[in-house]
Amino acid sequence: MQAPLSRDAHLEDYLYKSLKSFPLQGKRAALLAPMHPWYESILLSSGAESIDLLSAQIPPTESFDAIVLLCQLKSLAVAPHSNADLEMMSRLHFLLKKSGLLYLSIPVGKEKIVDNSYRVYGEKRMKELFRGWRPVGYFGYSYEDLLKDPEEIHEPIFVLRAGSL
C-alpha cells in the first residue's frame with residue numbers, strides 16, 4: 001500500500017510566488033475548505049481586503065475577486081467515473097467576478113487514483129479540469145511533471161481565469 005500524499009514542502013513557496021505575480025491587494029477573496037490556518041494568514045499578509053472561509057457548500061449568491069483552493073480538489077474525484085472535481089470547477093467558475101482568478105493546487109503526474117483517497121492529475125484529466133478556464137500562471141509546474149510516477153508527484157499552483165464554458 002502506498003503512503004498517503006503528504007503536504008508538499010514547496011506549496012507555501014508556490015503560493016507566495018503566485019500572490020507576488022497575481023496580487024490580491026484590495027480584493028475580496030475566498031479560501032475554500034482550508035486545510036491549514038496559515039493559508040488565511042498568507043492571503044491577508046498579501047494585502048487581500050477580506051477573506052471568506054468557505055466549505056464545499058458554497059452559497060450560490062456570493063461573488064469573489066479570487067478563490068484559493070489548495071490540496072482539496074484531488075479528493076473529490078476518487079472513483080474512476082466520478083466528476084465531482086469537474087462539477088466543483090464549474091461551480092467556482094460562476095462564483096468569480098468577470099476578471100477573477102482561481103489559485104488551484106492539484107497533484108500532477110501519471111494519471112491515477114491512489115488508494116481510493118485522491119487523484120493524481122495527468123494530461124487528459126487536467127484538460128478536462130481546465131475546460132472553461134484560461135491558465136495565466138503556474139508555479140512549481142513543468143510539462144515533465146506529467147510523466148512522473150504517482151510516488152514522485154507534487155502539487156504546483158495554477159492561476160486560472162474564468163473563460164467561456
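Select Tyr-141 to begin: at 17% relative accessibility it counts as buried, where buried means under 20% relative accessible area, exposed over 50% and partly exposed in between, with a 1.4 Å probe and protein chains only. The model is a predicted one, in which local features need pLDDT of at least 70 and side-chain atom pairs count only at pLDDT 80 or more, while totals for chains, interfaces and linings use all residues. Residues are numbered from 1 along each chain as its sequence is written, and side-chain values use heavy atoms, with hydrogens and water left out.

**Aromatic rings**

Rings of Phe, Tyr and Trp (its six-membered ring) pair if their centres lie within 6.5 Å, and planes under 30 degrees apart count as stacked, over 60 as edge-to-face and the rest as tilted. By this rule the count comes to 5 aromatic pairs. One of them joins Trp-38 and Tyr-39, edge-to-face, at 6.1 Å centre to centre and with 70° between the planes. The rings of Tyr-138 and Tyr-141 have their centres 5.6 Å apart and their planes at 90°, so this pair is edge-to-face. Tyr-138 is exposed, with a relative accessible area of 51%.

**Helix H2**

Next select helix H2, residues 38-45, whose buried residues are Tyr-39, Ile-42 and Leu-43; helices (H or I, at least four residues) and strands (E, at least two) are DSSP runs, numbered from the N terminus. Looking down the axis of H2, you will find that its buried residues fall within an arc of 95°, so they line one face of the helix; the arc is that of the directions from the helix axis to the C-beta atoms. Among the elements that cover these residues are H1, strand E1 (28-32), strand E2 (50-54) and strand E3 (64-69). Just after the helix, Gly-47 takes a positive phi of about 105°.

**Two buried polar side chains**

Move to Ser-18, which is in helix H1 (residues 11-21) and is buried, with a relative accessible area of 0%. A polar atom of the Ser-18 side chain lies 2.8 Å from the backbone oxygen of Leu-15. Leaving aside neighbours within four places in sequence, Ser-18 is in contact (heavy atoms within 4.5 Å) with Tyr-103, Phe-139, Ile-157 and Val-159.

Then select Tyr-121, in the loop between strand E6 (118-120) and helix H4 (123-129), which is likewise buried, with a relative accessible area of 0%. The side chains of Tyr-121 and Asp-85 are joined by a polar contact of 2.7 Å; a polar contact is a pair of N or O atoms within 3.5 Å where, within protein, one must be able to donate a hydrogen and the other to accept it, and residues adjacent in sequence count only if both atoms are side-chain atoms.

**Nonpolar cores**

Now colour the largest nonpolar core, which has 25 residues, those with the most contacts inside it being Leu-92, Leu-102, Leu-104, Ile-106 and Met-126. A nonpolar core is a set of buried Ala, Val, Leu, Ile, Met, Phe, Trp, Tyr and Cys residues joined through side-chain atoms within 4.5 Å. Helix H3 (84-95) is one of the elements that each supply at least two residues of this core, and H3 gives the most, with 5 residues. A second, separate core of 22 residues includes Leu-11, Ala-29, Tyr-39 and Ala-48.

**Salt bridges**

Finish with the charged side chains, where a search of the whole structure finds 8 salt bridges, each a side-chain nitrogen of Lys or Arg within 4 Å of a carboxyl oxygen of Asp or Glu. Arg-28 and Asp-52 meet in one of them, at 3.0 Å from N to O; Arg-28 lies in strand E1 and Asp-52 in strand E2, so the pair ties together parts that are 24 residues apart in sequence. Lys-97 forms a salt bridge with Asp-65, the closest N and O atoms being 3.5 Å apart, and because Lys-97 lies in strand E4 and Asp-65 in strand E3, this pair ties together parts that are 32 residues apart in sequence. Lastly, select Asp-85 again, together with Arg-125 and Glu-128, to see a network of salt bridges linking these residues.
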